[in-house]
Amino acid sequence: MKKIKTFFKYHLLLIILIGITVFSCRDAEDGLPDFPEGSTESKNLWVQDSMRRYYYWADQMPAKPDYHLPVKDFFKSLLSPQDRFSYIVDTNDSSTYPRSIRGMYGFDYAVLQLANGEVVTAIKLVLTNSPAMNAGLKRGMMIKKINGTTITASNAEQLTSSLPNQTVIDLTVGDWENNTIVNEKNITVYYGYSLEQPINSKIFEQAGKKTGYLYIYDFPDGMTQNLNHKFSEFKAAGVQELILDLRYNYGGSVSSAAALCSLIPSGISAGSQFITFKGNKNGGEVKRTFSQQIAYDPNALDFNTLQANLLGLNKVYILTSSSTASASEIVINNLKPFMQVIQLGEKTLGKDMAGFAIEDKRKPKKISWQIHPVIYKVFNANGEGGYSNGIAPQILVDEYSSLPLLPLGESTETLLSSALHKIYSKSSNGGSVSDQKVKVLFQSDNPFAGIAR
């Protein structure tokens with residue numbers, strides 16, 4: 001239960017505030033029915049009241065919903081067709097929480113069709129200190145079978161959808177050498193908790209120019225100390241270029257994203273506008289500076305402290321994929337008013353919105369449901385946003401164009417090598433080399449597909 005709550009607190013939602021107190025925003029003259037306390041109908045009234053107050057698309061909610069529906073179905077009936085991201089959970093029932101292979105086991109994979117028609121399954125991410133890592137899985141390995149069944153183009157999605165309902169997975173894996181799977185072995189991965197992920201950094205140097213590399217898995221609150229330390233190392237080393245690897249970053253805290261952004265470009269101050277939140281008629285429009293947004297995390301280092309390790313760059317390289325979402329997309333969009341952002345990889349997911357958790361804070365609590373609605377659309381200092389279809393890279397690079405997948409942070413890894421080539425080469429192309437045409441048939445890490453509504 002702890003793991004599931006932690007995962008979705010930090011990875012599926014842009015946390016601005018937590019635990020907003022909501023009792024009721026109904027007036028007596030509303031003429032709504034008065035149901036017995038504790039009934040499903042009374043819980044649905046609370047859900048409706050909360051959504052009317054905060055939900056971005058509140059004006060599209062049905063005037064006469066069916067209060068007799070189960071709570072989750074009632075919540076779904078209120079949602080706009082444009083809404084891909086709002087969800088509701090019962091804090092007393094772990095089965096109502098979204099589930100994913102990454103969240104439960106600590107790894108993700110992609111099912112690929114090679115140029116010769118062969119279908120292979122590549123492990124693309126293994127979380128540090130996760131059940132998957134402890135079982136021996138590594139990025140770049142190939143999965144041949146899941147629970148004894150060979151993975152094919154036709155069964156990959158069904159096999160994947162069944163895994164979150166289990167607590168143990170049996171895998172047949174191997175290494176990819178000379179276009180074939182070798183060193184096959186069986187590995188068992190048990191459901192378990194993945195620890196907080198480290199920020200990985202490296203410094204590359206060529207022809208006297210130093211490039212810093214940061215792999216950032218997510219944006220939890222409280223990460224400013226770690227960010228400040230990494231940038232102090234970069235500054236001391238004389239880093240002149242920066243690569244941010246956000247390819248698997250689902251998002252998290254807007255405050256942590258603001259802290260990262262405050263450490264990179266020149267020409268910003270505590271009073272420089274970082275973000276604008278636009279809500280419904282109740283929420284209105286809220287503008288926040290770098291300093292104000294960072295301060296929303298009570299444990300964050302303040303803007304002026306972070307400025308001691310400012311790199312003061314005029315451009316940044318950002319590696320992305322279709323799993324780059326939420327706060328990581330804010331980093332891309334909200335740096336653009338202050339510097340050149342060179343994006344390499346794939347188009348991002350397109351979560352141009354933010355929200356906070358809404359729950360009953362009465363003591364004793366009378367309703368155990370917790371709502372995670374879309375509350376704001378987000379915009380940068382120039383008023384630019386509206387990327388619900390994703391942010392497209394200037395340099396399109398296929399991570400799977402060369403197999404096996406190499407460790408993240410290795411200079412010859414496909415996305416990173418493309419960025420390094422762009423930095424160190426005088427030619428204008430991205431430097432990616434594809435030795436085979438690969439079609440992605442399925443990926444296990446659609447970050448919001450598992451939302452149980």
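The model is predicted, so local features need pLDDT of at least 70 and side-chain atom pairs count only at pLDDT 80 or more, while totals for chains, interfaces and linings use all residues. Residues are numbered from 1 along each chain as its sequence is written, and side-chain values use heavy atoms, leaving out hydrogens and water. Helices (H or I, at least four residues) and strands (E, at least two) are DSSP runs, numbered from the N terminus.

**The antiparallel sheet**
- In the order β13-β12-β19-β16, 4 strands form an open sheet with antiparallel pairing; two strands pair if DSSP finds at least two bridges between them.
- Its edge strands, β13 (285-289) and β16 (353-354), each pair on one side only.
- Strands β12 (residues 273-278) and β19 (residues 376-379) are joined by 3 bridges, and Lys-278 has Lys-377 in β19 as its bridge partner.

**The mixed sheet**
- Here 6 strands form an open sheet in the order β9-β10-β11-β14-β15-β20, with mixed pairing.
- The edge strands are β9 (200-206) and β20 (395-396).
- Strands β10 (residues 209-215) and β11 (residues 241-245) pair in the parallel sense over 5 bridges, and Tyr-213 stands opposite Ile-243 in β11.

**A look at Thr-96**
- Thr-96 sits in the loop between β2 (87-90) and α4 (101-105).
- Is Thr-96 buried or exposed? Thr-96 is buried, because its relative accessible area is 7% (buried means under 20%, exposed over 50%, partly exposed in between, with a 1.4 Å probe and protein chains only).
- The C-alpha atoms of Thr-96 and Lys-72 are 8.8 Å apart, although these residues are 24 residues apart along the chain.
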